[in-house]
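Subject: Structure handover

Hello,

Here is the structure you were waiting for. Please open it alongside this message, as my notes follow directly below.

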Amino acid sequence: MASRSTSHLCSRCSSIFSRAETIEYMPTSGPPLQWELPIDKPTYAHYKSRSELQQSAGEKCYICVRILEWMNPIEAEEVSDREPAAEVLDGKPADRDRPVNISYCLTTAAKDSSEKLKEIGIWFIEGDKLLYESLRLIGRFVAIPAQEVDPYISKFRYTVPNNPAIHTDMVVLLRQFIIIRIVKTWLSACRERHKICSWSAKGELPTRLVAVDRTEEKKGLSIRLCHSDSLPRETEYVSLSHCWGKVPFFKLTQDKLQELEQSIPLQQLPMVFQDAIRITYDLGFRYIWIDSLCIIQDSRDDWHKESLAMDRVYLNGVLNLAATGYRNGQEGLLRFTEPREIMPPKIDCVKFNSHSPKYSVFPSFDWTREVTRAPLNERGWVCQEQVMSPRTLHFGRRQMYWECYTASCCESFPSGAPFFNPSSIKMRVVQPIERYSELTKPELYVQWTEFVTEYSTRKLTFDTDKLPAISGIARVFMNLLKDRYVDGLWENDIYRGLLWHATGDITEVSSYRAPSWSWASIDGPVSFLSSLNVQWDTMAQIHEIKSTMRNETTDGEESGGEASGREAPGGYIRITGLLLKLKIDKIPVNAISSMIRLQRRWDLSADDPLNIVFSPYEQIGTRADMMIRHSNPEFRQSKDLVIMPLVHHTYDKEWVAIYGLVLSLQPGRSGYYKKVGVYETSRKTEGGMFWLQNPKPIESRYYQEFYGIAGYTITIL
């Protein structure tokens with residue numbers, strides 16, 4: 001029986017190099033395989049017909065499948081799930097034939113033909129050119145000489161019939177067999193070779209686990225709920241992370257507890273659960289933790305108690321199975337994926353490199369799209385699960401991805417590769433507990449800001465979960481730092497913590513959740529004006545910090561030792577520092593991002609307000625001096641804005657960088673402010689900085705106390 005190839009390109013994609021006239025030189029200064037955008041570079045035509053693009057994607061062209069997915073994820077998902085022989089288009093003929101305008105551009109970091117042409121960027125765009133005013137970038141691929149890629153490509157091979165409808169069950173079973181082989185290889189290598197991944201909690205088990213065993217007839221699996229106090233302390237288990245979705249599914253409730261301790265009906269569980277249980281057994285484990293089966297869902301007390309132990313559940317598990325690419329549990333983890341969609345194909349590049357005529361092609365950010373931005377990783381609660389689990393096996397819609405504290409790999413590159421450099425949250429944000437003792441407190445504080453930056457991009461079903469969803473990892477940091485946790489910040493690192501700003505679209509929460517000085521007061525991505533290698537000097541004095549959070553023990557009793565994230569209204573900071581009034585000359589109406597540049601005029605007398613002109617960050621192209629939530633009504637409607645410098649540091653001997661807060665005076669409340677942004681600026685030290693001079697007092701409504709050169713005492717709500 002004829003079989004389909006394990007990698008495939010359509011005729012249009014296989015001639016990408018031969019149809020191009022030149023490869024543009026673009027130096028790279030960042031991580032491997034990252035370039036600047038190819039603005040206004042020559043392009044070459046790709047598909048102009050949507051029906052041709054969809055037909056090629058339906059036949060599993062490695063490049064076209066991804067182009068269609070990047071242009072229209074929902075449409076691509078539908079095409080991906082159909083058989084190539086079937087009609088790949090829905091809708092009216094006009095929809096099928098409506099034009100598209102896809103072009104591509106080639107770039108490299110090699111300066112001339114004398115250098116080895118090792119890396120080529122293949123950029124796909126909508127339109128004839130990529131312009132700053134029209135950034136219609138579809139996606140980017142990387143091409144590397146095949147002889148450098150081949151040693152890292154998966155050696156697992158299996159034959160796929162020309163018509164996948166034939167023997168589909170056999171093919172799926174074979175893929176399942178290969179999946180287990182690959183995962184066992186990854187897990188064994190990690191446990192044997194990765195010292196920092198092998199930290200053990202030595203006997204801490206979740207309250208409940210799902211026990212997995214063979215039925216008496218040995219024809220299937222039987223499962224039941226069990227209490228961990230009946231198990232040996234060294235019992236190993238895996239955990240499952242999944243999106244709940246909107247479709248109701250089988251859960252543990254108080255009235256089912258005794259019944260499920262006898263037997264759980266496997267066939268009534270969502271397919272994700274069923275597959276996770278089968279994978280658990282096939283990997284050699286007999287216990288799995290699944291939130292909706294191990295926490296009593298209609299018991300507030302049980303949910304609260306177990307949520308406080310969530311960090312240990314994931315930390316102490318051997319492996320976390322993550323249904324990363326799925327929005328609900330109705331689809332299984334073991335879906336069929338053609339090798340054509342996974343295995344990097346080769347393209348003839350003899351026109352540009354006769355020494356290496358064949359180049360292997362792969363997407364430069366498959367990890368980002370299939371893992372980082374996948375449905376599961378949009379969820380806030382999952383961020384803590386990912387960081388705390390020593391090993392995570394991501395089930396993407398196309399292939400599996402492995403992530404531990406030491407390595408990242410996937411089915412196509414099962415041992416990783418020098419050019420496979422994903423942005424792994426485990427390696428980027430938090431190292432395992434065993435290494436924490438080696439980190440200094442400043443390093444730990446920076447690790448926390450990295451985690452918050454990542455977490456802030458996630459979504460929550462209930463906005464009140466903003467702080468509870470990370471209470472477990474906050475507890476880990478609290479034990480290491482011996483510091484007070486205040487609304488997502490740390491008391492002994494409060495100056496750095498206050499210098500956060502929004503970096504994208506945000507929404508104000510409808511009900512009070514945290515004070516304005518906390519990043520938890522908004523929903524949206526944030527970042528911090530901080531650096532590990534800088535020694536700050538303070539320019540303001542904080543007298544009192546009142547948190548909105550109730551600190552509780554795992555038993556729910558009031559204590560100062562745990563960080564549950566539950567709210568108590570009325571957080572504030574009392575602070576003394578210098579104040580400088582702002583006069584707003586212009587605010588951009590159509591600013592794209594929340595980063596706005598401050599164009600300052602420094603030749604002012606001390607009693608004049610600082611004159612400000614704002615312009616969109618995207619039009620400047622440089623680092624913004626002021627980061628303000630420009631859509632915030634507190635900012636747009638306030639005529640009483642001030643800046644307060646917080647910290648400064650010296651660099652290049654004669655320059656001082658100053659960082660501080662942008663505050664909005666609250667109507668009718670003298671000296672009470674809300675934070676609306678942050679700012680940074682630099683000045684030469686010659687002649688001193690004007691705001692360090694003794695300021696002329698401003699109206700009394702701007703402050704609560706005035707201490708001359710020491711500044712003004714205010715309260716930030």
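Helix H2, residues 50-58, is mostly covered in this predicted model. Of its 9 residues, 7 are buried. These are Arg50, Ser51, Leu53, Gln54, Ser56, Ala57 and Gly58. Just past the end of H2, Lys60 adopts a positive phi of about 70 degrees.

Is Ser56 buried or exposed? Its relative accessible area is 4%, so Ser56 is buried. Setting aside residues up to four places away in sequence, Ser56 touches Cys10, Tyr47, Cys61 and Cys64. Leu68 is 12 residues from Ser56 in sequence, and their C-alpha atoms are 9.6 Å apart.

Next, the cysteines.

How many disulfides does the structure hold? The count is 0. A disulfide is a covalent bond between the sulfur atoms of two cysteines. The cut-off used here is 2.5 Å between the sulfur atoms. For Cys10, the closest cysteine sulfur belongs to Cys13, at 3.6 Å, and that is too far for a bond. Cys10 counts as buried, because its relative accessibility is 10%. At 1% relative accessibility, Cys197 is buried.

Now the charged pairs.

Side chains of opposite charge can pair when their charged atoms come close. The count of salt bridges comes to 23. Three of them follow.

- Glu52 and Arg12 form a salt bridge, with 3.9 Å from N to O. Glu52 is in helix H2 and Arg12 is in helix H1 (residues 11-14). The two are 40 residues apart, so this pair links distant parts of the chain. Glu52 is partly exposed, at 39% relative accessibility. Arg12 is partly exposed too, with a relative accessible area of 26%.
- Glu341 and Arg398 meet in a salt bridge at 3.2 Å, N to O. This pair also links distant parts of the chain, 57 residues apart. Glu341 lies in the loop between strand E12 (319-322) and strand E13 (346-348). Arg398 lies in the loop between strand E15 (391-395) and strand E16 (400-404). Both Glu341 and Arg398 are buried.
- Arg484 and Glu491 form a salt bridge at 3.5 Å, N to O. Arg484 is partly exposed, with a relative accessible area of 32%. Glu491 is partly exposed as well, at 31% relative accessibility.

Which residues are linked in a network of salt bridges? Lys60, Glu69, Glu341, Glu370 and Arg398 are. Glu341 and Arg398 are the buried pair.

On to the nonpolar side.

In soluble globular proteins, nonpolar side chains tend to be buried together. Here the largest nonpolar core has 128 residues. Trp448 and Trp519 have the most contacts inside it. Helix H7 (residues 168-193) supplies the largest share of this core, 8 residues. Where does the core lie? Domain 2 (176-350 + 359-423) and domain 3 (441-551 + 569-716) both give residues to it, so the core lies between them.

What does Trp448 contact? Leaving out neighbours within four places in sequence, its partners are Ile470, Ile473, Ala474, Phe477, Tyr485, Gly488 and Trp490. There is also a second, separate core, of 50 residues. Its members include Tyr47, Tyr104, Val142 and Ala417. Tyr47 is also one of the residues that Ser56 touches.

Finally, the overall numbers.

The protein has 21 helices and 37 strands. It has 717 residues, of which 56% count as buried. Take the contacts between residues at least 6 apart in sequence: 71% of these join residues at least 24 apart.

Best regards

Definitions and conventions:
Residues are numbered from 1 along each chain as its sequence is written. This is a predicted model: local features need pLDDT of at least 70, side-chain atom pairs count only at pLDDT 80 or more; totals for chains, interfaces and linings use all residues. Side-chain values use heavy atoms; hydrogens and water are left out. A nonpolar core is a set of buried Ala, Val, Leu, Ile, Met, Phe, Trp, Tyr and Cys residues joined through side-chain atoms within 4.5 Å. Buried means under 20% relative accessible area, exposed over 50%, partly exposed in between (1.4 Å probe, protein chains only). Helices (H or I, at least four residues) and strands (E, at least two) are DSSP runs, numbered from the N terminus. Domain bounds come from an automatic or database domain assignment. Contact means heavy atoms within 4.5 Å. A salt bridge is a side-chain nitrogen of Lys or Arg within 4 Å of a carboxyl oxygen of Asp or Glu.
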